[in-house]
Amino acid sequence: MLKALIWDVDGTIAETERDGHRIAFNLAFEALGLAWRWDLALYAELLHVAGGQERLLHDMARRPDAPPAGAERQALMLEVHGRKNRFYTDIVARSGLPARPGVKRLVAECQAAGVKMAVATTTSRGNVAALFASLWGEHWRDIFPVVVGAEDAAVKKPDPLAYRIALQRLGVPAADAFALEDSPNGLQAARAAGVACGVTRSEFFVDAVFEGAAWVRGDLDEAPAMTLARLLQSGSGSISWNPMSGA
Ligand code: XBP
Ligand code: MG
């Protein structure tokens, strides 16, 4: 029985990667006098590395003008990432990023039906707060009482840690939860925690393979719309999925 819906944030709630984080990374590079820029093609490749800090380190490792591995590189990474997050929350607060189609509708349906909602994300809690306040107003925590972010789960998706913590805080077994994700890393994290998962492909994952998803679609409003009733039907098949089978 479905008791909780666990939402990924980046790419699932809104197209935050293309229009938020990527732009903010570039603004941070510029502010620090770095010539590095992440265009769409490079960012699509870099997105396979979950976590902004990990992504920066991965990119720096192949740049001849980056500081050598060690304390200096780590310090620059933290400086860039801190600035990126300030630019990101500014972008979200000032211009607002719209929710992806059907997100607000499904959230409202879950609220009305008493389905608990949580967030399991790789990004930091401050970024979630900025985005959710812009989408649902200052009382957004009443809708999403459980938020598991980078500060809670040090090991990023595809590791299941964020999902395991979310389930624990929700007090709901994995079999009674359903996850919504946009990326292969996210799907893998949910499944490894034993949570059935539907996928709404985001811009960067239109061609990705999503093996083991309960369903894969462009967005929640794509016909036939993914209503809570339809999600429950789709979930019943996938919720019986056995994580030990390796299917
Ligand atoms: C999101 C991420 C994050 C964001 C940037 O993955 O991988 O790293 O790109 O956020 P998911 P931070 O949607 O699977 O949670 O810079 O705060 O990490
Ligand atoms: Mg995502």
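This is a predicted model: local features need pLDDT of at least 70, side-chain atom pairs count only at pLDDT 80 or more; totals for chains, interfaces and linings use all residues.
**Notebook: around ligand 1**

I began with the backbone and found an oxygen atom of ligand 1 at 3.0 Å from a polar backbone atom of G51.

Next I checked the neighbour, G52. Here an oxygen atom of ligand 1 comes to 2.6 Å from a polar backbone atom. I also looked at D10, where the distance from a polar backbone atom to an oxygen atom of the ligand is 3.1 Å.

How much of ligand 1 does the protein cover? I got 96% of the 440 Å² of accessible area that the ligand has on its own. I then looked up the space it sits in, and the space taken by ligand 1 turns out to be the largest pocket.

Then I went through the shell. There are 18 residues around ligand 1, and the ones that come nearest are E17, G52, R55, K84 and T123.

What classes make up the shell? I noted ten polar residues, six charged and two nonpolar.

The largest share is from α4, with three residues.

Last entry, on domains. I see that domain 1 (4-15 + 98-233) and domain 2 (17-95) each put at least three residues into the shell around ligand 1.

Note on methods
Residues are numbered from 1 along each chain as its sequence is written. Chains are lettered from A and ligands numbered from 1 in the order in which they are written. Side-chain values use heavy atoms; hydrogens and water are left out. A residue is near a molecule or strand if one of its heavy atoms lies within 4 Å of it. A polar contact is a pair of N or O atoms within 3.5 Å; within protein, one must be able to donate a hydrogen and the other to accept it, and residues adjacent in sequence count only if both atoms are side-chain atoms. Accessible areas come from the Shrake-Rupley method with a 1.4 Å probe; for residues, only the protein chains shown count as cover. On a 1 Å grid over the protein atoms alone, a cavity is a set of points where a 1.4 Å probe fits but cannot get out, and a pocket is an open set with protein on both sides within 12 Å along at least five of seven lines; lining residues have an atom within 4 Å of a point. A molecule sits in a cavity or pocket if more than half of its atoms lie within 2 Å of its grid points. Helices (H or I, at least four residues) and strands (E, at least two) are DSSP runs, numbered from the N terminus. Ala, Val, Leu, Ile, Met, Phe, Trp, Tyr, Cys and Pro count as nonpolar, Asp, Glu, Lys and Arg as charged, and the others, Gly among them, as polar. Domain bounds come from an automatic or database domain assignment.
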